[in-house]
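Have a look at the sequence and the structure first, and then read on.

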Amino acid sequence: MEVTVLGTSAAWPGPGRAAAGFLVQHEGASVALDLGTGTLSNLQLRVPHERLDALLITHEHLDHCLDLYPLTVARVFHPEPLTPLPLYAPPGVFEAVAALEDEEGREEMRGLFDVREPGDGFEVGPFRITTHPLPHMVPNLGFRVEAGGAALAYTGDTGPSGEIEALAKSVDLLVSEASWEDDDGILVEGHLTARQAAEHAAAAGAGSLLLTHFWQTVNRDRARELAAAAFDGEVLVADEGLTIPVGA
Amino acid sequence: MELIVLGAHGTWPSAGGATSGLLVRHEGRSLLLDLGSGTVAKLQEHVGLFDPHGVLITHSHPDHVSDLYTYLLARLFTPERPPLIPLYLAPKVLERFTPLLADDSGPMRPQEAFDVVEVEPGTELSLGPFTIRTAPMRHSVPTLGIRVEAGGKALTYSADTGPADELVGLSRGCDLLVAEASWQTDGIDRPPIHLTAREAGEMAARAECDRLMLTHIRPYLDRDRSRDEAAGTFGGEIMLAAEGLSVEVGG
């Protein structure tokens, strides 16, 4: 299993960056975790959009799902008809993006996606996925993805929570939001500092930690140092286009 | 006057690309024309995030407006709140865009980041060194064609349109016509809401424009073929829009 970083920015992307998104691949199967602005473009550098097997969205904030819209249009105009793409997300995600369309357009959008209730877990091809609600301003699902004996966990947006440990118990890689550099940088509740992300990774016994979802003012190198002080495993900083083997 | 392409693709972004967006610069002042998916990230590769002095959205389709949401977030949530700049909107843009803001994220009104001005086609605007003329294009929603003049040079941006005498009139004699070329000539009968590359060439020829830049090309089309088609109807220089391309208008 490997994960490719599609976007690393919280709220709005910096120069050449994109908002939240990851692509997880194993044995030719591909699922996307979140699809913020700019990520559909980056996804296609790795796999044709029509080859996605499922789309998993953590929550309805548009920095995690806005490119669902261009994906919709890409699927409408695809030269061959496509079967509806399974979309697993908390309630409200599809509607948040479909708000761009009138009723007729929303109906067409509904036909392009197979919106599924994630429940506690589900399977997509070789991937076994379990979900854990994590505390944020709106319902947010952390996803744990396992395949080929490897496991990764992705937080989406979350504040500090014991649930992160359950999500990431003994995973090879925890992909954690780290919106803020340190306590002084906290602008709103419902997110983690780099140090808090590391403390959760340590408590969960994760092998490695990938920091992502950085606010524009965060110094990413400094975030890595702060996290490394609280976690003994490898600390990586997400960067658009970076591909990481999981559990290799 | 300089034109920088931020997003060159129609409808959805290509691999590594972005949908519609242009940045026009002259003597330190700049104007954004459309903010499609991915354009805010591209913008910052050329100028500061808050350097533009105005934004104009040509119509309500998301491949021209979705990153307005992203830009609004940036302008609202940066601690040193940048000053309000004009946001010129075609009819129906605000109506379609506003439901996107209906989450719990607090004061997400465009009016708190911009001086919002709704623009009827035919209106003339002035922003710093730029004189901006607008005309109604022929599309599935109300759409503004844009002619920008500064320093004695003129460029016209078709936005999305089918063949239109209004576009020929608007772009008459300009140094550069940036024309959409969503389609190629392929015998498929489609509603006249976009141009083929051949038709884009015809518009440029009839308006006696100096140069033509094709944009809004669907990601799956062979771009060289689009250029060849346009060259069949327009004898001047033809460029293909690409993310990051910078052109001196009238240069």
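## Chain B as a whole

Of the 251 residues in chain B, 53% are buried (a residue is buried if 20 or more other C-beta atoms lie within 10 Å of its own, exposed if 12 or fewer, and partly exposed in between, with C-beta atoms placed from the backbone). Please keep in mind that this is a predicted model, in which local features need pLDDT of at least 70, side-chain atom pairs count only at pLDDT 80 or more, and totals for chains, interfaces and linings use all residues. Residues are numbered from 1 along each chain as its sequence is written, while chains are lettered from A and ligands numbered from 1 in the order in which they are written.

Chain B contains six helices and 14 strands (DSSP runs numbered from the N terminus, with H or I and at least four residues for helices, E and at least two for strands). Its radius of gyration is 17 Å, close to the 18 Å of the globule rule for 251 residues, so chain B is as compact as a globular protein of that length (the radius is taken over C-alpha atoms, and the rule is 2.2 Å times the number of residues to the power 0.38). The C-alpha trace of chain B spans about 50 × 40 × 30 Å along its principal axes. Among contacts in chain B with a separation of 6 or more, 61% join residues 24 or more positions apart (two residues are in contact if their C-beta atoms, placed from the backbone, lie within 7 Å).

## Where the chains meet

The contact between the chains draws 32 residues from chain B and 30 residues from chain A. On the chain B side, α1 (39-43) and α2 (62-77) each supply at least two residues, and α2(B) gives the most, with nine residues. That side of chain B has 15 nonpolar, ten polar and seven charged residues (Ala, Val, Leu, Ile, Met, Phe, Trp, Tyr, Cys and Pro count as nonpolar, Asp, Glu, Lys and Arg as charged, and the others, Gly among them, as polar).

Now to a helix of chain A. Eight of the nine residues of α2(A) (residues 68-76) are buried, so this helix is largely enclosed by the rest of the structure. A:L68, A:Y69 and A:R75 are among the buried ones. Their cover includes β3 (29-35), α1 (39-43), α3 (93-98) and α4 (103-112) of chain A, together with α2 of chain B.

## A helix pair in chain B

The axes of α5(B) (residues 197-206) and α6(B) (residues 223-231) come within 7 Å and cross at roughly 40 degrees (axes are lines fitted to C-alpha atoms, for helices over the stretch in contact, and angles run from 0 to 180 degrees between N-to-C directions). That makes α5(B) oblique to α6(B) (under 35 degrees is roughly parallel, over 145 roughly antiparallel, 65 to 115 roughly perpendicular and the rest oblique). B:A197, B:R198, B:A200 and B:G201 of α5(B) meet B:S226, B:E229, B:A230 and B:A231 of α6(B). By class, this contact has four nonpolar, two polar and two charged residues.

## A helix pair in chain A

In chain A, α6(A) (residues 194-204) and α7(A) (residues 220-228) pack at an angle of about 40 degrees, with their axes 8 Å apart. The two helices are therefore oblique to each other. A:A194, A:R195, A:A197 and A:A198 of α6(A) make the contact with A:A223, A:L226 and A:A227 of α7(A).
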